[in-house]
Amino acid sequence: MDETTPATTRLRDLPVDARAQALGLSNAQADTLRAGLSLEQADHMIENVVGVFTLPLGVAQHFVVNGREIPAVPMVIEEASVVAACSYAAKLARIAGGFTAGSSPPIMIGQIQVLDTPDLEAARERIAAEADALIHWLNHDNTATRSRHARAVGIETRTLIGPPPMLIVHVLYDCGDAMGANLINTASEALAPRVAQLTSGRVNLRILSNLSDRRLAWATCTIRADTLAARADNSISPQEIVARIVEASRFAELDPYRAATHNKGIMNGVDAVVIATGNDWRAVEADAHAYAARDGRYTALATWRANGAGDLVGRIELPLAVGIVGGATRVHPTAQLALQLLGVKTARELAEIITCVGLAQNFAAIRALAMEGIQQGHMTLHARQIAIAAGASGEDIERIATQLVAERNVRLERARALVRRDPSPPA
Ligand code: MEV
C-alpha cells in the first residue's frame with residue numbers, strides 16, 4: 001500500500017452489485033442498501049404516503065479524519081461528479097496526513113418570544129435572576145424535559161427594539177447525540193408559561209432556532225503543492241495552481257455572489273452525508289447559510305491559503321445540527337447502515353466527518369474551476385449517459401463515451417453508430 005492508496009478496492013472497477021460486499025458488508029446489509037425504505041416504513045414517517053422516492057447512494061473513499069481511516073463515506077446525491085470529487089480530494093489530503101477536525105459541545109437554542117412586557121429591562125433582570133432555578137426545573141422536575149441524554153445548560157435573553165419591542169428568551173440545551181429539535185421545542189413550550197409569569201408579558205412563538213452557532217464543527221487539511229500537477233496541462237506549475245486556488249478562495253470571501261456558489265459546492269458534500277444518515281438537511285442548509293452571513297455580509301464557509309512551505313491549507317467552520325439517535329436516523333434502515341459504515345459513536349464525530357467532506361468537495365470544485373473548468377468532467381459523464389441511451393453496455397460504455405468526447409460529438413445518433421461499430425464519424 002503506498003501513501004496515497006488506502007486499503008480499499010477501487011470500487012468503480014467492480015460491477016455495481018459487487019461493491020457492497022467489497023466494503024465488507026454482509027449479504028443482508030447489501031440487500032438493505034438496495035431495498036431502502038419500505039412503503040410501510042414510509043407510511044409511518046409522513047402523511048398521505050403513496051410511494052417512496054429513491055436517489056443514488058455512493059461512497060467516497062480515501063478519507064482519513066483525525067488519524068482514523070474511513071473506508072467508505074456514504075453520500076446520497078443525484079448530481080454526478082460529487083462523490084468522485086470528494087474521493088479525489090480526500091486522496092490528496094491523506095498524503096499530508098488527512099483531515100484534522102473538531103467540534104464544540106452540541107448546544108442548540110430554543111427561542112421564546114415575549115411581547116407586551118411593561119418593562120423590558122426589568123423583565124430581563126427577572127429572567128436572569130431565575131435562570132438557575134428554571135434550568136433545574138427543566139432538568140430535574142419537569143417530566144417532559146427530564147432526559148438522560150440531554151440537558152438544559154443556560155438561559156439567556158435578548159431584546160429587540162421593534163416595532164414591536166420584544167424580549168427573546170433563549171434556552172440552551174446540550175443535545176448529546178440527538179439533533180435535538182423535538183427536545184428543544186418541548187422545552188421551549190414547557191418554559192413559556194413561567195417566562196410569561198416572570199416577565200408579566202405575553203408569549204407568542206416557542207421554537208428552536210435553526211441558527212445553531214453554538215454547535216460548530218471545523219476541519220483543516222493540507223494539500224501538498226507537489227501533488228497538484230495539472231492533469232491536462234503540464235505548463236502550469238504547482239505553485240501557480242496553489243495561487244489560483246487562493247485567488248478563488250479570496251473571490252468567495254469578498255463577494256456574496258461567488259460565496260453562494262462556493263458554499264453550494266460545500267453543501268453538495270455536506271448534504272449528501274446528512275441525507276445518507278437520515279438527518280434534516282433543510283435545517284443544516286438554513287444553519288450553514290445563516291452562519292455564512294453572521295457578520296452582516298454573506299461570505300465563504302471554507303477558505304484556502306498557502307503555508308510557509310507553499311502548500312495549500314484549507315479551513316472550514318460551520319454549524320452542524322446532526323444526530324445519530326432519534327428521528328429518521330433511527331427508523332430509516334439505510335440511515336442506520338450509513339452510520340455503521342462511518343463507524344461513528346457520537347453525533348459530534350458525525351459532524352466532524354461531514355465537515356471534512358464539505359472541505360474536500362470545496363477543494364475539488366475550486367481546483368477544477370481554477371484549472372480545466374467543470375464542464376470537461378461533466379461532458380464525460382454526459383457522454384456515458386448518451387452511450388447507455390444508445391444501447392451500449394459493459395465495457396462498451398467507457399469506450400464509446402471516450403470516443404464521443406474525443407470527437408467532440410456527444411450526440412445520440414453518433415453513439416448509436418458507435419454501438420453498431422461504425423468506424424467513421426458522420427460528416
Ligand atoms: C456545482 O454543483 C458546484 C460548483 O458550482 C461549486 C463551486 O462553484 O465552487 C462547482
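Colleague: How far is an oxygen atom of the ligand from an N or O atom in the side chain of N268?

Modeller: The distance is 3.0 Å. That is a polar contact, a pair of N or O atoms within 3.5 Å. First, some ground rules. This is a predicted model, where local features need pLDDT of at least 70, side-chain atom pairs count only at pLDDT 80 or more, and totals for chains, interfaces and linings use all residues. Residues are numbered from 1 along each chain as its sequence is written, and side-chain values use heavy atoms, with hydrogens and water left out.

Colleague: Which residues surround the ligand?

Modeller: Among them are R258, T261, H262, A365, L369 and I374. A residue counts as near if one of its heavy atoms lies within 4 Å. The shell divides into 3 nonpolar, 4 polar and 3 charged residues. Glu, Lys and Arg count as charged, for instance, and Gly counts as polar.

Colleague: What about E79 and K264?

Modeller: A polar side-chain atom of E79 lies 2.7 Å from an oxygen atom of the ligand. For K264, the distance from such an atom to a ligand oxygen is also 2.7 Å. The two side chains also meet each other in a salt bridge, at 3.0 Å from N to O. A salt bridge is a side-chain nitrogen of Lys or Arg within 4 Å of a carboxyl oxygen of Asp or Glu.

Colleague: Where in the chain do E79 and K264 sit?

Modeller: In distant parts, 185 residues apart. E79 is in the loop between β4 (73-76) and α4 (82-95), and K264 is in helix α8.

Colleague: New topic. How many cavities of 30 Å³ or more does the structure hold?

Modeller: It holds 1. On a 1 Å grid over the protein atoms alone, a cavity is a set of points where a 1.4 Å probe fits but cannot get out; lining residues have an atom within 4 Å of a point.

Colleague: What is the volume of the largest cavity?

Modeller: About 50 Å³. A volume is the space filled by probe spheres set on the points, which are joined across faces, edges and corners. R215, L320 and V322 are among the lining residues.

How values were computed:
A polar contact is a pair of N or O atoms within 3.5 Å; within protein, one must be able to donate a hydrogen and the other to accept it, and residues adjacent in sequence count only if both atoms are side-chain atoms. On a 1 Å grid over the protein atoms alone, a cavity is a set of points where a 1.4 Å probe fits but cannot get out, and a pocket is an open set with protein on both sides within 12 Å along at least five of seven lines; lining residues have an atom within 4 Å of a point. Helices (H or I, at least four residues) and strands (E, at least two) are DSSP runs, numbered from the N terminus.
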